[in-house]
Amino acid sequence: MRHAYLSFAGKRLAQAAVVILLAYVFTFIVVSILPGDPVTNVLRNPQNGFSEEEIQSIIAAQGLDRPVLVQLWSSLSSFLTGDLGLSLRSSRPVTTMIAEVLPSTLTLATSALTVALTLAVLIAYGTQFLPKRWGQGLLRGFPSLFLSVPSFVIGLVLIHVFGFKLGLFRVIEPDSAWATFFAAVALGIPVSARIAEVLIANLDQEARQEYAAVARSRGLGQAALFFRHLVKPSLLPVVTVVALSFGELLGDSLITEAVFGRNGVGSLVQRSVATQDLPVLQAVVSLAAAVFVLVNLLADLVYPLLDPRVTLIGPARQSPTKAVETAAPGAAA
């Protein structure tokens, strides 16, 4: 089993590396064919004050005077070594610019994921053990409610209530603990809805299995039944949703950062789009694609550890996702 898992992990790592490289190439091609000339729009803009000698120096340093295929090969080679080039706008290393804002975005995204998971588990627990009037009615309607309200609307409400009215945080200090918490709540509430829906559906299925009835007949408490018997066989689809949601969090965090005034990747993207700073824009998009691929890779590697039903080798070989769909309910318990 160990050898099979290592072989599976190695192949998935290789596939992830290929996908990341293809994503970078695709991003380079898309950015290269965008309408407009970044040299004219950025470097030759009179407001930026570049002399002709400086413009020619920047063009030569960026390699913008070379054929597109040569630029692609040079850019891809630099990407593999961790060199993301220089900003057209500020001539600063793109790696440095991203490193300055990435911690803020990652803090927000991971905090929002924690909020989403906590809300989803609480809602799912309540639907199983609260009285039907509350668990079957009110709580089961929360995911639909959460999905119907955009994160920026939730953020504006939280700022108005907890920022201006109650004074728990100052709007001019967006990186404070309370401001980060409420930004994470605004970002995490819509995501928690998808996780809760999947978790509730699988818990309903597991709660009808014989092993759950036997555990109840032996006097097992509600919390012990939930966490020891019902949650684990329900986790595989949840892991898939969480992996997909993390990529969504990175995208939605751009809007949430703008609402709360945080200086993160979102503000960097806005500036790059406004000024057509292509090296920065390409680096951010490629980084987002890499994070999304790596998170989903991690989910694939976790599947076999959570559930031995996931087939890794043999004539009837299945991918973890396919195995999750075809595995018999309750067998892992």
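Predicted model: local features only at pLDDT ≥ 70, side-chain atom pairs only at ≥ 80, totals over all residues.
Biologist: How many salt bridges does the model hold?
Modeller: Side chains of opposite charge can pair when their charged atoms come close. The cut-off applied is a side-chain nitrogen of Lys or Arg within 4 Å of a carboxyl oxygen of Asp or Glu. By that rule the count is 4.

Biologist: Which residue forms a salt bridge with Asp300, and is the pair buried or exposed?
Modeller: The closest N and O atoms of the salt bridge between Asp300 and Arg12 are 2.5 Å apart. Asp300 sits in helix α13 (residues 278-306) and Arg12 in helix α1 (residues 2-32), so the pair links distant parts of the chain, 288 residues apart. The partner of Asp300 is Arg12, and both residues are buried.

Biologist: What is the distance between the closest N and O atoms of Arg170 and Glu173?
Modeller: Glu173 counts as partly exposed because its relative accessibility is 37%. Arg170 forms a salt bridge with Glu173, and their closest N and O atoms are apart by 3.3 Å.

Biologist: Which element gives the most residues to the nonpolar patch?
Modeller: The patch lies on the surface, has about 870 Å² of accessible area together, and includes Phe152, Leu168, Trp178 and Ile255. Two elements give two or more residues to the patch, α7 (151-165) and α8 (177-207). With 5 residues, the element that gives the most is α7.

Biologist: What is the orientation of helix α5 to helix α12?
Modeller: The axes of α5 (residues 94-129) and α12 (residues 265-275) come within 8 Å and cross at roughly 135°. Angles over 145 degrees would count as roughly antiparallel, and 65 to 115 as roughly perpendicular. The angle therefore makes α5 to α12 oblique.

Biologist: Which residues of α12 does α5 meet?
Modeller: On the α5 side the residues are Met97, Ile98, Val101, Leu102 and Thr105. In α12 they meet Val265, Gly266 and Leu268.

Technical notes:
Residues numbered from 1 in each chain as written. Heavy atoms only, no water. Helix = DSSP H or I, 4+ residues; strand = E, 2+ residues; numbered from the N terminus. Buried < 20%, exposed > 50% of the residue type's maximum accessible area, 1.4 Å probe, protein only. Patch = residues over 30% accessible without salt bridge, like charges linked within 9 Å, V, L, I, M, F, W, Y side chains within 5 Å. Areas by Shrake-Rupley, 256 points an atom, 1.4 Å probe, with all protein chains shown as cover. Axes fitted to C-alpha atoms, helices over the stretch in contact; angles between N-to-C directions. Parallel < 35°, antiparallel > 145°, perpendicular 65-115°, else oblique. Contact = heavy atoms within 4.5 Å.
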